[in-house]
Amino acid sequence: MDSGNTAWILTSASLVFLMTPGVAFFYGGMVRAKAVLNMFMLEAAALSVTMIVWTLWGWSIAYAGTDVAGIFGDPASGFLLKDSMVAKDGVFTTTGLNSNNYPVSVDVAFQVAFAMITVGLICGAIAERVKYSTWMIFVALWVTFDYAPMAHMVWNGGLLSGDGAISTAIGAAAHDFAGGTVVHINAAVAALIIVLIIGKRKGFGTQPFRPHNVPFVMLGAFLLWFGWFGFNAGSAFAANGTAGYAWVSTSAATAAAMLSWGFTEKIRSGHYTAMGAASGMVAGLVAITPAADVVSPLWAIVLGAIAGVLTCLACGLKFKLGYDDSLDVVGVHGVGGVTGTVLIGFFGEGTGLFAGGDWKQLVVQILIALSAIVYSAVITGIIAFALEKTIGWRVTEAQEVGGIDLADQGERAYDFAGTASSVLKEVR
């Protein structure tokens with residue numbers, strides 16, 4: 001066992017786990033005060049339901065089960081983390097090591113944290129109107145039929161991997177270092193499909209939906225930047241130079257995106273806002289994710305700067321096109337994920353058009369991005385439509401107006417009445 005690799009990947013798994021609570025703060029601050037607890041609960045379900053599904057069959061579908069047509073692994077052969085190729089008793093042993101000489105159980109931990117954050121990203125688009133019970137069922141179904149197969153296709157030698165049919169046909173290896181397709185494009189497309197099925201919040205486009213706690217948003221963004229070191233640097237799967245460089249390129253791109261978003265915002269509105277800074281950080285983190293190990297420092301900065309401008313502009317499209325993506329999951333994660341994935345075809349060292357390569361890398365990057373979009377749209381559409389027609393997604397209009405926290409959780413985040421009463425008592 002390589003104790004250095006083991007310690008680093010286990011640490012990275014913990015950092016990626018932290019990202020989902022980070023998203024809870026990021027999204028929780030953006031919603032109105034009457035919906036913040038519901039947002040935190042949706043993120044809690046992303047953690048809990050995903051963990052159960054992953055332990056039962058998700059790990060098998062993504063990584064451990066016998067391959068089926070390059071699309072998914074057999075859920076039975078790795079059920080409950082059993083894998084005869086790893087060790088006699090599956091991953092429930094310290095004797096099973098993977099190719100980087102750390103326990104497979106550590107890899108299970110790292111990969112389930114990725115699944116958690118991916119499904120956790122979706123709920124930002126459907127904030128303030130979705131029932132917790134429906135969301136829990138959706139998480140179980142989506143991780144099973146969408147996320148785990150997508151991870152298999154991209155990261156386990158499947159259809160969309162560097163060894164897959166698309167790469168072989170084009171003659172260039174598809175590249176997604178840490179989740180441009182599997183995580184960001186996948187989650188954003190899923191978010192858009194659900195939004196189109198469940199409809200808009202009452203008042204969308206006619207009244208402002210202001211964030212109730214901007215410091216929460218900034219805290220969430222800072223936690224995400226911190227957690228992303230596990231997300232990207234951990235995807236080197238070893239404590240090595242690639243991990244170190246991924247840390248550097250991730251921060252360079254994120255810094256550039258924060259600044260370029262701010263400059264864009266300043267030109268448009270005359271202000272550098274905290275909301276813009278937080279969103280720009282996340283946009284940069286998203287965009288560099290698939291490319292963190294293959295772009296030079298210069299191109300990492302350029303990639304981040306481009307992503308900051310594009311995502312800032314894209315977030316306004318929901319008002320023009322009429323879809324209620326509550327917290328800009330499509331604008332930030334969808335546009336940012338596509339940007340980072342495709343720009344590898346231009347900036348990838350030795351393979352991209354601008355960095356010593358030819359057109360083949362660009363073509364294959366475009367094709368895997370499109371494939372991820374189509375797969376996510378189809379699978380999510382089936383799941384979301386079925387739930388809409390059976391148990392339903394939304395709380396009632398009266399419950400939405402009164403506050404989903406009180407309707408669905410039976411609680412309020414802030415005791416405004418109690419605070420006022422206390423003040424009056426002190427005055428008297």
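## Burial and overall fold

Buried residues make up 56% of the 428 residues in the protein chain. Here buried means under 20% relative accessible area, exposed means over 50%, and partly exposed lies in between (1.4 Å probe, protein chains only). The model is predicted: local features need pLDDT of at least 70, side-chain atom pairs count only at pLDDT 80 or more, and totals for chains, interfaces and linings use all residues. Residues are numbered from 1 along each chain as its sequence is written, and side-chain values use heavy atoms, with hydrogens and water left out.

The protein chain has 16 helices and two strands. Helices (H or I, at least four residues) and strands (E, at least two) are DSSP runs, numbered from the N terminus. The radius of gyration of the protein chain is 21 Å, close to the 22 Å that the globule rule gives for 428 residues, so the chain is as compact as a globular protein of that length. That radius is taken over C-alpha atoms, and the globule rule is 2.2 Å times the number of residues to the power 0.38. Along the principal axes, the C-alpha atoms fill a box of roughly 70 × 50 × 40 Å.

## Two distances across the chain

Ala-13 lies in helix α1 (residues 3–30). Ala-13 is buried, at 7% relative accessible area. Between Ala-13 and Ile-197 there are 184 residues in sequence and 34 Å in space, C-alpha to C-alpha.

Pro-297 belongs to helix α10 (residues 297–314). Its relative accessibility is 48%, so Pro-297 counts as partly exposed. Pro-297 and Tyr-414 are 117 residues apart along the chain, and their C-alpha atoms are separated by 45 Å.

## Largest pocket

The largest pocket holds about 780 Å³ of space. Of its 31 lining residues, Met-275, Cys-315, Lys-318, Phe-319 and Asp-328 are the closest to the centre. On a 1 Å grid over the protein atoms alone, a pocket is an open set of points where a 1.4 Å probe fits, with protein on both sides within 12 Å along at least five of seven lines; lining residues have an atom within 4 Å of a point. Grid points are joined across faces, edges and corners, and a volume is the space filled by probe spheres set on the points.

Three helices each supply at least two residues of this lining: α8 (241–269), α9 (274–288) and α11 (317–321). The largest share, four residues, comes from α8. By type, the lining divides into 13 nonpolar, ten polar and eight charged residues. Ala, Val, Leu, Ile, Met, Phe, Trp, Tyr, Cys and Pro count as nonpolar, Asp, Glu, Lys and Arg as charged, and the others, Gly among them, as polar.

## Second largest pocket

The second largest pocket holds about 650 Å³. It is lined by 31 residues, and Tyr-63, Asp-107, Trp-155, Asn-156 and Phe-237 lie nearest its centre. Two or more lining residues come from each of α2 (36–64), α3 (104–122) and α4 (132–155). Helix α3 gives the most, with five residues. This lining divides into 17 nonpolar, ten polar and four charged residues.

## Aromatic contacts

Rings of Phe, Tyr and Trp (its six-membered ring) pair if their centres lie within 6.5 Å; planes under 30 degrees apart count as stacked, over 60 as edge-to-face and the rest as tilted. By this rule the count comes to 22 aromatic pairs. In one of them, Phe-347 and Phe-354 have ring centres 6.1 Å apart and planes at 40°, so the pair is tilted. Phe-347 is buried at 4% relative accessibility, whereas Phe-354 is exposed at 52%.

Ring pairs also link Phe-110, Phe-114, Trp-155, Trp-228, Phe-231 and Phe-237 into a cluster. Elsewhere, the charged end of Arg-201 sits over the ring of Phe-209, 4.1 Å from the ring centre. A charge sits over a ring if NZ of Lys or CZ of Arg is within 6 Å of the ring centre and within 35 degrees of the ring normal.

## Positive phi in two loops

Ala-69 is not a glycine, yet has a positive phi of about 60°. Ala-69 is in the loop between β1 (67–68) and β2 (72–73). Its relative accessible area is 64%, so Ala-69 is exposed.

Asn-101, also not a glycine, has a positive phi of about 60°. Asn-101 lies in the loop between β2 and α3. At 40% relative accessibility, Asn-101 is partly exposed.
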